[in-house]
Amino acid sequence: MIRAEFFSQDGKRTGFSVSGHSGSAEAGADVICAAVTAIVRFAEATLNDILGVGAKTRVNEATATVTLTLPANYEDADAVQAILDGMMLTLVSLRDENPDYIEVMEV
């Protein structure tokens with residue numbers, strides 16, 4: 001199962017961690033894993049490459065985990081929060097369609 005956790009502090013999202021494999025199909029044919037990977041890559045690229053936030057991204061291939069942590073200070077906070085909110089809503093929609101393969105939570 002894929003587990004997506006969104007971290008918040010003082011009412012603002014501070015990052016996320018996405019881990020695991022959905023197990024809905026064989027590796028290379030798993031459309032749920034592919035969708036989640038695309039969503040995570042889109043969010044990270046938009047935050048760091050487009051907005052220049054400088055979020056710290058860690059990838060652990062052994063545990064299939066991607067963790068992104070926002071820096072303490074960054075510009076365009078509304079856009080950053082909108083991207084993370086959109087990411088979460090997209091993952092929630094995917095979860096609603098595939099509840100046996102993905103869980104999304106705020107921590």
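## N48 and its surroundings

The side chain of N48 reaches the backbone nitrogen of G54 at 3.1 Å, in a predicted model whose local features need pLDDT of at least 70, whose side-chain atom pairs count only at pLDDT 80 or more, and whose totals for chains, interfaces and linings use all residues. Residues are numbered from 1 along each chain as its sequence is written, and side-chain values use heavy atoms, with hydrogens and water left out.

A polar contact of 2.8 Å also joins the side chains of N48 and E44; such a contact is a pair of N or O atoms within 3.5 Å, where within protein one must be able to donate a hydrogen and the other to accept it, and where residues adjacent in sequence count only if both atoms are side-chain atoms. N48 is placed in helix α1 and is buried, with a relative accessible area of 16% (buried means under 20% relative accessible area, exposed over 50% and partly exposed in between, with a 1.4 Å probe and protein chains only). Leaving aside residues up to four places away in sequence, N48 touches V53, G54, A55 and T57, contact meaning heavy atoms within 4.5 Å.

## Helix α1

Helix α1 covers residues 31-50, and its 20 residues should span 28 Å at 1.5 Å a residue, which agrees with the 26 Å between its end C-alpha atoms; the expected span is 1.5 Å times one less than the number of residues. Helices (H or I, at least four residues) and strands (E, at least two) are DSSP runs, numbered from the N terminus.

The buried residues of α1 are I32, C33, V36, I39, V40, A43, T46, L47 and N48. An α-helix has 3.6 residues a turn, so residues three or four places apart point the same way. The cover over the buried residues of α1 includes the strands β1 (2-9), β2 (12-19), β3 (56-60), β4 (65-69) and β5 (102-106), together with helix α2 (77-97).

The largest pocket holds about 480 Å³ of space. Of its 24 lining residues, H21, C33, T37, A64 and V66 are the closest to its centre. On a 1 Å grid over the protein atoms alone, a pocket is an open set of points where a 1.4 Å probe fits, with protein on both sides within 12 Å along at least five of seven lines, and lining residues have an atom within 4 Å of a point; points are joined across faces, edges and corners, and a volume is the space filled by probe spheres set on them. Helix α1 gives the most to this lining, with 6 residues, and β2, α1, β3 and β4 each supply at least two.

The second largest pocket has a volume of about 160 Å³, and its lining consists of Q9, D10, K12, R13, T14, T69, L70, P71, A72 and Y74. The largest share of that lining, 3 residues, comes from β2.

## Positive phi in two loops

Most residues other than glycine have a negative phi. D10, which is not a glycine, has a positive phi of about 55 degrees; D10 sits in the loop between β1 and β2 and counts as exposed at 75% relative accessibility. A64, in the loop between β3 and β4, likewise has a positive phi, near 55 degrees, and counts as partly exposed at 22% relative accessibility.
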